[in-house]
Amino acid sequence: MTLTIGKLANAAGVNVETIRFYERKGLLVQPQKPTEGFRQYPSEVLQRLRFIKRAQELGFTLDEIINLLTLGDGDCLEVQSLAKQKLVLVSKKIADLQRLESNLSHLIDQCSSTSDLSCPIVDSFKE
């Protein structure tokens, strides 16, 4: 089964420009254009697009996805190492977000309990 770029985009839940962007980045190979008609993408490209989108949902950058695709199924230890590195970064982001949540909550509580003309939230930005 082959798909035109429009049908491929629709099936993958992306727009045509995303596919073209991925082609320019080297994530997808653009098929040859026939003398008549439209380029036809093999169904494997749809699977690759879904892989890219799922990896993005998990927080991998396009450069990291290129690396994962290059490694393929052959080197599970290398893929595992990349996933562990990503997990460390995600854990750090979560800790940062939790600190931010706590700080914002504290500032909102201060703001609610003050009758001063100055706002504790704005004041905290000046520090």
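Where do Arg20 and Glu17 lie, and how many residues apart are they? Both residues belong to helix H2, with a separation of three residues, about one turn of the helix. The structure in which this pair is found is a predicted model.

Confidence in the prediction was examined before the contacts. The mean pLDDT of the protein is 89, and 98% of the residues reach 70 or more. Helix H2, which covers residues 16-25, has the highest confidence, with a mean of 96. Confidence is lowest in helix H6, residues 120-126, where the mean is 79.

Five salt bridges were counted in the model. One of them joins the side chains of Arg20 and Glu17, with an N to O distance of 2.9 Å. Arg20 has a relative accessibility of 35% and is therefore classed as partly exposed. Glu17 is also partly exposed, because its relative accessible area is 46%, which falls between the limits of 20% and 50%.

A salt bridge is also formed by the side chains of Lys25 and Asp63, at 3.9 Å from N to O. This pair links distant parts of the chain, since Lys25 is in helix H2 and Asp63 is in helix H4 (residues 62-71), 38 residues apart. Lys25 is partly exposed, at 36% relative accessibility. Asp63, in contrast, counts as exposed because its relative accessible area of 54% is over the 50% limit.

Helix H5 spans residues 76-112 and contains both Asp96 and Arg99. These two residues are three residues apart, about one turn of the helix. Asp96 and Arg99 form a salt bridge in which the closest N and O atoms are 2.1 Å apart. Asp96 is partly exposed, with a relative accessible area of 41%. For Arg99 the relative accessibility is 47%, so this residue is partly exposed as well.

Nonpolar side chains were also considered. Leu97, Leu100, Leu104 and Ile108 make a nonpolar surface patch of about 370 Å². Of these residues, Leu100 is found in helix H5, the helix that also holds Asp96 and Arg99. The relative accessible area of Leu100 is 44%, so Leu100 is classed as partly exposed.

Key
Residues numbered from 1 in each chain as written. Predicted model: local features only at pLDDT ≥ 70, side-chain atom pairs only at ≥ 80, totals over all residues. Heavy atoms only, no water. pLDDT = per-residue confidence, 0-100. Helix = DSSP H or I, 4+ residues; strand = E, 2+ residues; numbered from the N terminus. Salt bridge = Lys/Arg side-chain N within 4 Å of Asp/Glu carboxyl O. Buried < 20%, exposed > 50% of the residue type's maximum accessible area, 1.4 Å probe, protein only. Patch = residues over 30% accessible without salt bridge, like charges linked within 9 Å, V, L, I, M, F, W, Y side chains within 5 Å. Areas by Shrake-Rupley, 256 points an atom, 1.4 Å probe, with all protein chains shown as cover.
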